[in-house]
Structure formats: structure tokens, C-alpha cells
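Biologist: I am new to this structure. Please take me through one part of it closely, and keep it brisk.

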Amino acid sequence: MSELALDFNVLDLISNFRAANGYDSRNFDKYSKAVSNALKNLRQLLDDSKKSAKNAKSKKKPKAALPQLTENEKFCKKIQLHLFEFEKARTKAKLLEELYSKTEEPRQRYHMIRRLAKAIKIGSSLLSLIDPTINPLNFLFAAAFVAETEAEILFKQEIYHNALYLFSFVRQISSTLKSSSALSINQASSLDNCLNENVPFIRFSAYNLEIDGARSSPIYELCQTFLSNSKDVDDFKFGSIENISLSLNSIAESTTSASSDPSSSSSPSTGLTITGFDISTSNLLFLNSFNHASIALTSQNSLLESLQSISSNSIQDIDNLFDPVISNWKLAISEIKQSKSEIKSPTIKYAQFCINNLFCLKFHLASQLTKSTNPDFASLDNWFTLSPELLNQISHLFLKFVSKDSSVPKLNKISDLQSASGLSILSVYFDNIYFHSDLSLSNIAKNNFLAEFSATEFNCSFFSASRDLAISLYNLSTIKHTSFDHPAITKSLLSAKSHAENASTILSQLSNNSSYKSSKSIQCFISSSHSHLLPQIISTVENLLTISQSHCVAYNKIQSASDFPSILPSLLDYPTKPIASKPIFYDLASDFIDFDIASISKKANISNSSSPSDKKPSKSLASQQDNNTSTISSIFSSFLGRK
């Protein structure tokens, strides 16, 4: 075990090499050739070329002059050599697995398992070279790759309990590293991308072991439940997991001590990240290929890292910090839309996800600055605070407009309440935070980023309640006798109560979840900055609702008892006159009676003769009688309602 430090990151090296050479698209032939070329170059640098065959008759080529490497450089190249040998054996196993799925030849499955066993053997020698005390992060990355490979062998050998144990242990490494500040957003996404290919193996193992939620539970929750309920297993080919657990605990303890340091807690915005969107390494490389996207990523990282040292004395200062980064992201989206790549859709969603998070942080800082600099607010946390005297004053104000009694003290507004200007500005900021948090929530992968999803969900409910409460207080502070809108105030308060109760439910669920760990994402930072204000907001909303609803009953009684009776007589005061009209009747029995039309026409003295000028000798007497009969029949039919 060497005490030299590595000058590269194991996860970045493997994930970037896989994304650039076709592994993510399952082009294992291309990836195998790229690994072979990398191994050839490394062996030349280390002067460690393979021995030629015994009967080879090739001419010996003169060796080129090799660069002189330092001890640290030789050590790093040796580690890379082991990593690529590990990748070569693993890739060969993937090719044999594809061939076995087509032909089901037992020899191919046998050689596939042998290749995976060779990869584990190389991986165990790799772990023996890296000192976990000097390179703890790289040691954990390498251990995760090797342990994941051995879990695959155990799964293919149908040893499901040990396979699921190793799969779960690797996910515990991933969740611990992501909850610490050791990983960047790109590294967290790359690690998830490397582990996601074995998710079907985990669910199938859990199903065979008859574990509840094997098909539906989130992967990380399923693995954590299995680890907590199963006995420790320490019989693995790559070595003992005790050393890995010690390195993992040391990183977790260092993260806890850093978070409890007073100097670091004084500025919680230090080292914020935009986390929660599940994007692959190949998509990130595609995103970096665009000029504006690369500039946006660089400026975004520098902005989030430098928030501690930057002082913002005005809203204009905050705009100058965030607007260039947001405009670069918008230009990047326009640039990506013009490309013809098939993977442009997830990269556009990721760019929009970054924009929404930056807007949330921008409006959060703007609201904090408004509460600290506006003279209407004494401190950051008192914009909604109402003393008993103010509540009594609000009650008198409602009573004045309900009773319309001149004896009640005349109050045009509540003078001690916060001014309308400050409340209206805050309501706009709160509404913007809610809007962009809600857009971000739809793009967060809940299974992989539970902390970010829960924090964003809390922010949506909390800032909806804060917005509605600010609107209600604004309406109370600017109320006048001529523009009293009691239903609008009550509606805003009811909406604020509903959202506040939802936020309280989310907060209680997180407090009861022992596995929940907050991260350094923007959404987690915003939620932790406001969660302590929720009980006071709920209390204020309930007090205002009690006053509003009690006077609402009185207001409705006054309206129904006094206003309506005074209006009704004036509406009914008009002269009544009879209207002449013909009676309308319909004989239902007329359709079932056959009348003797001939006798009726005779009694009616209807003659069959006509005027001399109209006489036509060609017509017979019978036809004239038929015409008369039809005429009388039609008259009676229309009169009696027949059709």
C-alpha cells in the first residue's frame, strides 16, 4: 500500500471514459477497443509491455525514448493501468453476456463469470495499492466499482442474499458521499449513472427473497431497509468491508464536524449546489460542448462558491450577480434547440432546472434583503408577527364595517401593521419562489434525490402560505370603508392555512424519517432557512381566521335582516292589470272519433254550388262533393288540434 496521493479522480476518469467511448450506449465493442488502446499507452509509459510469444519471429523494433516520470506520476499511471485492466475484463464479460442472451450457450455463461472473477481479482489488488487514509474518496470509488461487480457475479450465481447485501452496501456508500460535501453535482450524477444499470438485479433479488416493496419501493429505501434488517456478511472475494466502512465513517464524521463548526454555519450559502436532476455523464459532456452552456456552468459554479464573500447592499447587486448566469443558460437553451442530436431534450430540461433553482435563490436573497433593510420590518422574522393589541385593533376594524355603527372608533387602516409597500414586495418574492420551486419539483428524481425532492415540496407549500398571508395583511393595512372586500381576505387566509398545514405535514414526515439527511442544494438551504418560522405563521393565520369568520357570520346576518327586506318592496311595487287573451284548448279524444262530415256540412248549410264564372262543366257532382268534404275536414282538424 503506497502512501502517495493520486492526482486524478477515479470516478471522473471512469465515467468520462465510458461516456466518450460508447459504454453508456452499450457499444461494448467500441469501448473494448478504446480500453485496449489506453492499456497499450500506459504500458509503454511504464515500460511494462506484454511478453511476446515463444515462437514469434517478428523483428525487434527500437524503443522510443520515454518521458521521465516521478514516483508520484508512476504511481498514478499504475493505478490507471489497474483500472483499465479491470474495465477490460468487465467489458469482455458484458460482450459474453450479450452473446449468451442470443444463443444460450452454457460455455459463454461460464466464461462470462470467469471474466467477472478476473475483474474482481484485479480490483482487489487495486484496493491494496490505494491508502484509504491518504486517498479516502478514490478508495471508496474504487471499492464501489469492485463491490458492484462482485454483486453481479453473486446474482448470476443465484446467491441472492449476498448479492443484495453488496448492492445495498454500495448504495449506502453512494448516499453517504452524496449527502457530504465531497461530491460535486457532476460527480453525484456520474455515480448514479454507473449504479443505475444494476437496478433490475436489485429488484429481482428482493423479489426472490420475498421482501415487501420489491417492485415499487425506491431503490435506496429498499436497500437501506434490507441492510438494517439483515445480518452482516463479510465473506467476499475482493476483501473485507470493514476498511470500506471505516473510510465511509471518517468522511461522514468530517462532514458532521464541518457542519457543526460555528464559522461554517454562520454562512449557510457556502458551497451551494444545484442537485436533484438525474442527468447522465454523456448528456453532461454533450452539454459542455456548447459554448454558452460551458460558460453558464463555469459562471454558475463560481457564483455559488463565492456567495459567502460577496456582499449585496441592494436588489440591483443581486440582479448583477444572477442575471448574467441566467441569460447564459437561456442562450444555451436556444443553442441546443438548433442542434439535431437525439439527447438534446434532457439537456434542455437540465438547463431549465438550473435556471429555476437560480431564480429561487435570487428571490430568496432578495426577500431576506428586503426584510433586513426595509424600515417597515424590525427584523427578518417579524413581518407577520401580530401582537394582542394589533389583533384587537383588527377585530375593531372588522366590527366597524360589519355593524356600520358610528360609535365604533373610526379607523381608516391599521397603523401599527407593516406598510403596504413592504408586504406587497414580499408577496411578489414569495410567489416567485413558489413558482420556480414548483417547476423544479416536476424534474427532480425522487428515488435518487429524496432530500432535494422533500425540500422543494416543502418550499412550494411554505411560500404559498407566506404569499397568501402577506396578501391578507396587505389588504388589512390598506382597507377603506368604500372598498371593504371581506370575502377576499377570508379566502386568502383559508388558502394560507391549507398550504401551511401541508408544509407542516411534510416537515413532520422528514423529522420522523431517521434516514433523511439534508444536502447542500439550493432547495435544502432555502427550506432550512424558513422551517423554524412555520409554527408562528400557522398561529398568525389561525388568529386572523378566527376574527374574520366570527365577523363573517354577523356580516351575513346583517345583510339578510336589514338590506334585503328594504330592497324587496321596491322591487314588487308595480300596478297589476288583467290581460285579454283567447282560450287555448286541445281535445285529446278528437284523434279517436270519426265525424260524419257530410251531415255536418249539410247542417252548416254549405252549398255545393259556386259562382257562374267558376263553373266547369267537366267536373262531376261526385268530385265537387269530395272537395267540400276535404275542406270541412281540414277546418275541423285544425280547430280540434289535429295535424
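Which element gives the largest share of the lining of the largest cavity?

Modeller: Helix α5 does, with three residues. A word on the source: this is a predicted model, where local features need pLDDT of at least 70, side-chain atom pairs count only at pLDDT 80 or more, and totals for chains, interfaces and linings use all residues. Residues are numbered from 1 along each chain as its sequence is written, and side-chain values use heavy atoms, with hydrogens and water left out.

Now the cavity. The term means a set of points, on a 1 Å grid over the protein atoms alone, where a 1.4 Å probe fits but cannot get out; lining residues have an atom within 4 Å of a point. Volume is the space filled by probe spheres set on the points, with grid points joined across faces, edges and corners. The count is two cavities of 30 Å³ or more. Two or more of the lining residues come from each of α5 (136-156) and α7 (185-195). Helices here are DSSP runs (H or I, at least four residues), numbered from the N terminus.

Leu 195 also belongs to a nonpolar core of 61 residues, along with Ala 142, Tyr 165 and Leu 248. Such a core is a set of buried Ala, Val, Leu, Ile, Met, Phe, Trp, Tyr and Cys residues joined through side-chain atoms within 4.5 Å. Buried means under 20% relative accessible area, exposed over 50%, and partly exposed in between (1.4 Å probe, protein chains only).

An α-helix has 3.6 residues a turn, so residues three or four places apart point the same way. Glu 210 follows α8, and its phi is positive, near 60°.

Two loops complete the tour. Arg 26 lies between α1 (10-20) and α2 (28-46). Its phi is positive, about 60°, although Arg 26 is not a glycine. Arg 26 is partly exposed, at 47% relative accessible area. Glu 104 sits in the loop between α3 (71-103) and α4 (106-129). Glu 104 has a positive phi near 55°. Glu 104 is exposed, with a relative accessible area of 60%.

Methods. On a 1 Å grid over the protein atoms alone, a cavity is a set of points where a 1.4 Å probe fits but cannot get out, and a pocket is an open set with protein on both sides within 12 Å along at least five of seven lines; lining residues have an atom within 4 Å of a point.
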